[in-house]
Amino acid sequence: MLKSSDPLYRRIRAHAKKRIRFLPDVAKKDRLKGYKEFLRLEREMLVRHHRNGESGIRGCQARAIVTDVLIESIFRTALITFSEKHGVLPCKCTLVAHGGYGRGELSPASDIDILFLFPDKTKSSMVEAMKTVLTDEVLYPLWDLGFKLGHATRTTKECLEEAETDFKTRNSLLEIRRVLGSTEVYDGLVKKYKEYLDRKNKLPILQELISIQKKRRQQYGDSVFVAEPNIKNGVGGLRDFQGVFWMIQLMFGDRKLSNLYAHDHLHRKEAAAFRKAYDFLLWVRTELHNNSKRPNDELTLGIQPLVAEQLGYQGESLERVEDLMKDYYYHSQRCLSIVLSLEKRILERFSGNRRNAKRNWFQSLFEKVKVERIDGFVIEDDWIDVENDKIFDEDPARILRLFRIVQQQDLQLTVSLERLVEAKLDLLNSNSKTRLDINEVFREIMKEHGKVHFVLEQMYRLGVLIKILPEFEQLHCFIQHDRHLLRYSEDEKVIKSIFQLDRLVSDKDVARTKEILKLEEDSSLTDLYWLLLLYSLIYRRTNSGNRVSNLEDSPEFLSNLLDRIGLDDNRAERIVSFVDSHSKVARFWHDAELHDASMIKKLAVALKTHENVIQSFQFYYCESLGRNPQYWELHSLPQATKVLGAVEREIEVGTASMSEDTTSVSKKEMTRADIAKRTIVGVTTDEVDAHFMLLPDRYFESRNTIDVELHIKLVHQLLETIQQADSLGSLKPIVDWKNDGKGGFSVINIVTWDRLGLFYKLAGAISAVGLNILKASAVSRNDHIAIDTFYVSHGKTGQVECDEVKEKFEDAVESILVGGEKAYGLVREQYLRGNKKDWSNSRNLFDLSLPVQVDVHWDKELKQVVVDYQGTDRIGLLYRISRHLFLRGYNLDSIRISSANYVASGTILMSKEAGVEPDDADKLSEIREKLIEILSSEVWLSE
């Protein structure tokens, strides 16, 4: 709480004395009016203080003082009212605050928890009239003032009985505070509750508390890096802080953090970070409540821009949000790390660990503590400490040898040893001899398969890893996003990825996955550990806020880094080679379409060998699982496993070195044989032969027999229409609709004469009627008949079941392709209409949490220009992207897009006409900048 000497405390008290110190004869309605005005003025003042940079803790404490003086005035008036009606008070009474109010910390919309406390021997008949007056004169005015109240009336005995059976009551009594009334009654409760706790076995209480905290974290995703964190109950949120204070109160009888570092549970440095994080979360929560006007603790995507702006973050909306959330994740992650460590240390102490608990004389007769001394360290039970505080000065490399011993023997560092390591970190900058010794030990640590994560995590937490790899610091809380709106930080992802590899190596329960991944105990496994540790360093160096694939300087950078660490030339060469090949194919592991043989072939060509394919798959699995385990386990493993099998078969049969036509012809001939067995009504054999002769071989790689048969029928209908129609009517397309019952979408096949810009015009017609494009492909016959396929969904129904929508689409297609109407105007009109209907305003929130990422580059292996993009989905987005690429002179050869969760992402492979340089870096850069502009803008951009 604010001290009475604090100017803010004195100002609030002086204001209350002037405005709400009422005489007994003041009418109730006038008192209520005065209370409301006092609250209004104080709340305005607190908002100004807050936005002028007041700390979160101090602002919340000031709000508790405001509530105190208000309740004091109301309570005093209630006692006067009782005396006037009933005479002398039948017994003493105390008004006690508990919960957040008891801690003396209130956010703008926090609940107010109060307790009317009576002495033990108070008969209910004695206080019946008093309870009525307290309800009428205290609770009702507080409700009228808009407070959300939690209230109870109990004796001291009843409080203790309730604590015995209810966990929440037991915790709430740990943070009570007298607001007004009998000191004697309040002190009696404090004393008896302390005696009650002293009689209890603390271990079960602590275990229950920690178990409840753990379940809460699991309920909220078990990760700090969620898109919409809950500041109060989320992982690393205020509940984690409060749990620590409850444990301190249970163990030491008060809430001071100094108890923890005095008893070797916490460093002073950690305590300072803990307080700072707590202050930050209260600061953000205050602004969240100010904007929400209600007890909202969800930092939602929609409120993040406003909170960031009000808290003074600078830059564009997206930049402000990213800076706010980076700070939020940093403090929450720091809090979580400290809390988890504390929970472990405290349980060790109370569970009878011999290092922290005294044994009785009888036990000592039969039990001997095993003490081992190694290299200046003392090992006792599962703990390691130092013989003296000078051992690191004598030999700085001992810091690394410490972690090697910890790894080999599964030990824990004492808090005092952790403090010493942090204090001696600068010794790791010593001479070259020390550096060689450090690198040698570090390489040994990375070879201990199945036990790397545990020690790396400790090295990172204590700052040792960053001393060895200074580049790793740039990953700290560097926020990334996946296309399912999960946020994660690169440093956490790296550590968790290595944990996943450790799990695969050592956990018998995942033997099947290990078998699928073909993990074997050999030197390539050590390479995999190094890759998981180092790959993000390369990726981050070239990121600069947007996803790029220009890794031309990365081999040299990586070679220098590996040389500095001292890896042998063969291993370093393998790692550099892998990074080069994996960087080219990483995007395909998740997105590769199994029926697209050209994609499988390109993967095989890029990876070249069976060993590279396996290692690329292993790396992708562990890294992806470290980033987003829930999604990966459910969806990606079966998909990537099938891709793995297809690529391996491609390499095994030797087709990776053959011409593309050889593979394609085989698939084409099989499809032709299947079609020959079918009878297509009205279609001649010549028409079927023409279809197979006039289409490129790659068309047959990605279509099954049913698709090909449908296209033959549609081409037949088009040719019949041409014969019967005039020249203008011949331009009318043939449209076929089919619904996918399982997928919840519709498939539109459109066959028409090819013409300039056909794809983007068709995409425009789809957008013009409000349909969402999930996926698309396009191909053209040599006789200029185009076959375009779109997978679409309706905003309300998923599948397009309404004939009216289908008719509108077909009318739009005809008016654009036949009538000459420009799709641009129709799509723009739909876009603006959608905004008025709040179509995107309710969803453009994702744009603020999911950074726009665009990569445009020439891929030497694919021999195509590759466009990768990610951003918020909006009406007409694919139309605008494909139109821009068309206007720049590119043919769109392959398109894979997704718009799940209103997040648009896609990969487009493009080519240019002969004689045009497709890899002009300046032109590709211009395209990238324009696409970023299209994806970033919340308004329609004119061209």
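## Salt bridges

Glu709 is buried, with a relative accessible area of 12%; buried means under 20% relative accessible area, exposed over 50%, and partly exposed in between (1.4 Å probe, protein chains only). The model is predicted, so local features need pLDDT of at least 70 and side-chain atom pairs count only at pLDDT 80 or more, while totals for chains, interfaces and linings use all residues. Residues are numbered from 1 along each chain as its sequence is written, and side-chain values use heavy atoms, with hydrogens and water left out.

- The side chain of Glu709 forms a salt bridge with that of Lys713 (3.8 Å, N to O); a salt bridge is a side-chain nitrogen of Lys or Arg within 4 Å of a carboxyl oxygen of Asp or Glu.
- Glu709 and Lys713 are four residues apart in helix H33 (residues 705-724), and are therefore separated by about one helical turn. Helices (H or I, at least four residues) and strands (E, at least two) are DSSP runs, numbered from the N terminus.
- Lys713 is partly exposed, at a relative accessible area of 36%.
- Glu387 lies in the loop between strand E7 (383-386) and helix H16 (391-394), and Arg373 in strand E5 (residues 371-374), so the pair ties together parts that are 14 residues apart in sequence.
- Glu387 is partly exposed at 43% relative accessible area, whereas Arg373 counts as exposed at 57%.
- A further salt bridge joins the side chains of Arg564 and Glu471 (2.9 Å, N to O). This pair links distant parts of the chain, 93 residues apart: Arg564 is in helix H25 (residues 554-565), and Glu471 is in the loop between helix H21 (464-468) and strand E9 (479-481).
- Arg564 counts as partly exposed at 33% relative accessibility, whereas Glu471 counts as buried at 17%.

## Nonpolar cores

- The largest nonpolar core has 85 residues, of which Leu400, Phe442, Met459, Val464 and Leu533 touch the most other members. A nonpolar core is a set of buried Ala, Val, Leu, Ile, Met, Phe, Trp, Tyr and Cys residues joined through side-chain atoms within 4.5 Å.
- Helix H24 (residues 523-541) gives the most to this core, contributing eleven residues.
- Another core, of 69 residues, lies apart from the largest one and has Cys60, Tyr278, Leu281 and Val284 among its members.
- Val464 is in contact (heavy atoms within 4.5 Å) with Ile399, Leu400, Phe403, Val421, Leu425, Leu428 and Met459, leaving aside its neighbours within four places in sequence.

## Leu425 and helix H19

- Leu425 is located in the loop between helix H18 (415-423) and H19, and Leu425 is buried at a relative accessible area of 13%.
- With neighbours within four places in sequence left aside, Leu425 is in contact with Leu462, Gly463, Val464 and Lys467.
- Although Leu425 and Ile399 are 26 residues apart along the chain, their C-alpha atoms are separated by 8.4 Å.
- Helix H19 (residues 432-447) has 16 residues and reaches 23 Å from its first C-alpha to its last, close to the expected 22 Å. The expected span of a helix is 1.5 Å times one less than its number of residues.
- The buried residues of H19 are Thr434, Ile438, Asn439, Val441, Phe442, Ile445 and Met446.

## Strand E7 and its partners

- Strand E6 (residues 377-380) and E7 run antiparallel and are joined by four bridges; two strands pair if DSSP finds at least two bridges between them.
- E6 and E7 form a hairpin with two residues between them, and Asp381 in the turn has a positive phi of about 55°.
- Asp385 in E7 is the bridge partner of Val378.
- E7 also pairs with strand E8 (residues 412-413) in the parallel sense, over two bridges, and Gln412 in E8 is the bridge partner of Trp383.
- Trp383 and Asp385 point one way from E7, Ile384 and Val386 point the other way, and all are buried.

## Cysteines

- The structure holds zero disulfides, a disulfide being a pair of cysteine sulfur atoms within 2.5 Å.
- Cys60 is buried at 1% relative accessible area, and Cys159 likewise counts as buried at 1%.
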